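Good morning, and thank you for coming. Please look at the sequence and the structure as I bring them up.

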Amino acid sequence: MKNHLWQVIIMLLMLSCTMQDKPDNNKHDMERTWWKEGILYQIYPQSFKDTDGDGFGDFKGVIEKLDYIKSLGITMVWMNPFFESPLVDNGYDVADYRAIHPRYGSMEDFQKMLDGFHERGIKFVLDVVVNHSSNEHEWFKQSRSSRDNPYRDYYHWWPAEKGQPPYRHSLFDPEGAWEYDSLTNAYYLHTFAEQQPDLNWENPKVRKEVYDIMKFWAEKGVDGFRMDAFQFASKDTTWPEFPTGHEKEFIKWYGMRPQLHDYLKEMYREVIEKYDVFAVAEGAGSTFQDAHDLVDADRKELQTAYHFEGVDMSRTPDRYTLSEFKEVFTRWDSAFAEKGWIAIFLSNHDNARLVDRFGNPSPEFRTPSTQMLNTFLLSMRGTPYTYYGDEIGMTNIDMPNIEEYVDIDAKGKYKAALAAGEDLTEFMKVLNYSSRENGRTPMQWDNTGNAGFTTGVPWMKVNENYPDINVAAQERDPNSILNHFRKMTKVRKENPVLVYGKYELLQREHPDIYAYTRTLDDEKLLVLLNFSQETASITLSGMSDFGEPIINNYSELDIENNKVSLLPYQAVILKIK
Ligand code: GLC
């Protein structure tokens with residue numbers, strides 16, 4: 001009798017499993033996970049909210065704003081580095097991976113902040129900067145002290161008696177990626193600034209150190225890791241001479257060596273799998289094959305990666321074209337239609353502001369164009385990333401003089417332009433538009449002094465448009481960018497079709513409207529985005545009976561049979577019956 005009961009239970013269990021696994025044309029749907037369904041909000045901690053008046057944002061400031069963050073409808077937070085650091089690259093130069101820089105608070109404050117996120121159902125993603133450390137990290141101090149120090153092989157050294165090392169381009173240093181150190185008469189490698197020496201991932205001790213650091217934070221309860229500049233972790237250490245003219249094809253020539261996959265598999269076994277955490281890599285290689293190899297679930301390396309082709313479209317004031325925009329996002333979607341998962345983003349701490357680069361920052365169109373871009377981000381397949389301030393349409397600042405810049409990247413580029421004899425007026429025009437300083441100005445909370453960010457002197461100048469663009473004002477306006485963002489996160493969460501559904505581009509050639517459908521089982525949504533500042537219309541053959549839009553950034557919508565007319569930057573999502 002007992003046996004019989006067990007047989008029935010097992011049969012019922014098997015039946016329920018096969019029901020869940022019912023065949024579906026969409027493979028992603030079968031592998032539903034929290035990070036695919038996640039909506040990520042990125043916090044640049046020094047610019048978010050200051051509570052002690054030192055002009056830098058801090059953990060207590062984030063704690064104060066936890067309910068605001070929750071109210072956005074986001075479900076994951078990625079915070080940029082807050083570790084002990086000489087701050088040469090705003091914290092991307094870590095001197096102690098287990099200690100917190102005092103300007104952010106204490107470990108206790110960190111724990112309180114983390115608990116605060118968890119109590120609100122928000123996952124926390126830590127920034128792991130381990131392609132390089134700071135030159136003030138104890139490992140590097142040891143490593144440079146003598147050639148036979150046990151830490152020597154933690155970094156890449158080239159003995160000077162072999163002559164000059166083969167030239168390598170550095171992303172931040174116009175003089176190249178090798179720095180001479182007279183103490184041991186040798187050069188060390190730094191892909192970024194000279195204060196950011198590259199760690200030697202070929203050394204198993206280095207890899208173990210990194211996994212131990214990750215375990216330390218996983219034990220504290222973080223839910224995921226963002227692997228900074230990770231494509232560079234594995235390089236060709238025979239140091240071949242790179243052909244001139246290819247200096248800027250960084251990834252192909254300077255990273256993504258096959259060993260990278262071995263390291264990631266090891267990291268997966270050691271940390272990701274053990275702690276059941278999530279990992280996303282900055283960069284996705286230079287081909288789809290690279291990207292697939294990183295995120296194919298069967299390979300057990302990473303869960304997702306993010307590519308740069310989207311943000312790279314608008315690095316200069318010459319605007320991107322809508323056809324290019326459609327092409328890039330459609331191509332990346334189709335590459336992951338069956339397998340693998342990517343992130344969708346248009347801005348972050350390394351870029352100028354979303355609305356300046358992809359929308360229209362003029363007072364007339366700032367609101368609808370930011371709403372339209374947020375509708376795009378939150379209606380694509382892939383985990384959407386929103387950078388702090390883009391939920392209220394924060395804009396670029398005006399910094400025409402190089403003296404005002406604090407960013408090492410901007411300063412390095414200026415030095416290089418000067419040395420190359422470039423037209424500096426033109427250079428400054430492009431820098432003013434594209435520099436990452438634009439995306440690092442303090443969060444605009446209200447119209448009180450310094451936008452409510454600090455009572456002290458802010459570390460970075462506050463955008464003077466804060467009396468117009470701020471959270472408090474937008475809270476009061478039901479049609480604000482902020483409230484549209486909240487509506488959109490709600491729509492995404494209520495419609496799994498927006499997460500898992502198949503994406504199909506419509507009317508590729510339309511000059512003003514980006515139109516696509518998302519389909520899951522018998523549900524189909526139509527997304528219509530007007531990327532222009534003029535009214536534009538689209539005729540959708542074979543579609544009618546649209547019903548009420550589930551999102552619309554205007555109060556009206558002009559539909560006549562199957563012709564839809566959209567106002568400037570209007571964004572709508574319609575249910576197709
Ligand atoms: C990544 C970070 C960037 C940093 C660089 C060096 O690209 O996003 O901010 O400067 O790595 O760590």
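How far is an oxygen atom of the ligand from an N or O atom in the side chain of His 132? The distance is 2.9 Å, and a polar contact is a pair of N or O atoms within 3.5 Å. This is a predicted model, in which local features need pLDDT of at least 70 and side-chain atom pairs count only at pLDDT 80 or more, while totals for chains, interfaces and linings use all residues. Residues are numbered from 1 along each chain as its sequence is written, and side-chain values use heavy atoms, with hydrogens and water left out.

For the side chain of Asp 89, the corresponding distance from a ligand oxygen to an N or O atom is 2.5 Å; for that of Glu 282, the value is 2.8 Å. Taken alone, the ligand exposes 310 Å², of which the protein buries 95% (accessible areas by the Shrake-Rupley method with a 1.4 Å probe).

Let us turn to the shell around the ligand. By class, this shell has 3 nonpolar, 3 polar and 7 charged residues; Asp, Glu, Lys and Arg count as charged.

I now move to the helices. Two packed helices are described by the angle between their axes and the distance between the axes. Helix H8, residues 204-220, packs against helix H10, residues 259-275, at about 20°, and their axes are 10 Å apart. H8 and H10 are therefore roughly parallel to each other, a term for angles under 35 degrees. Their crossing is right-handed, that is, the near helix is turned clockwise from the far one by less than a right angle.

Definitions and conventions:
A polar contact is a pair of N or O atoms within 3.5 Å; within protein, one must be able to donate a hydrogen and the other to accept it, and residues adjacent in sequence count only if both atoms are side-chain atoms. Axes are lines fitted to C-alpha atoms, for helices over the stretch in contact, and angles run from 0 to 180 degrees between N-to-C directions. Helices (H or I, at least four residues) and strands (E, at least two) are DSSP runs, numbered from the N terminus. Angles under 35 degrees count as roughly parallel, over 145 as roughly antiparallel, 65 to 115 as roughly perpendicular and the rest as oblique.
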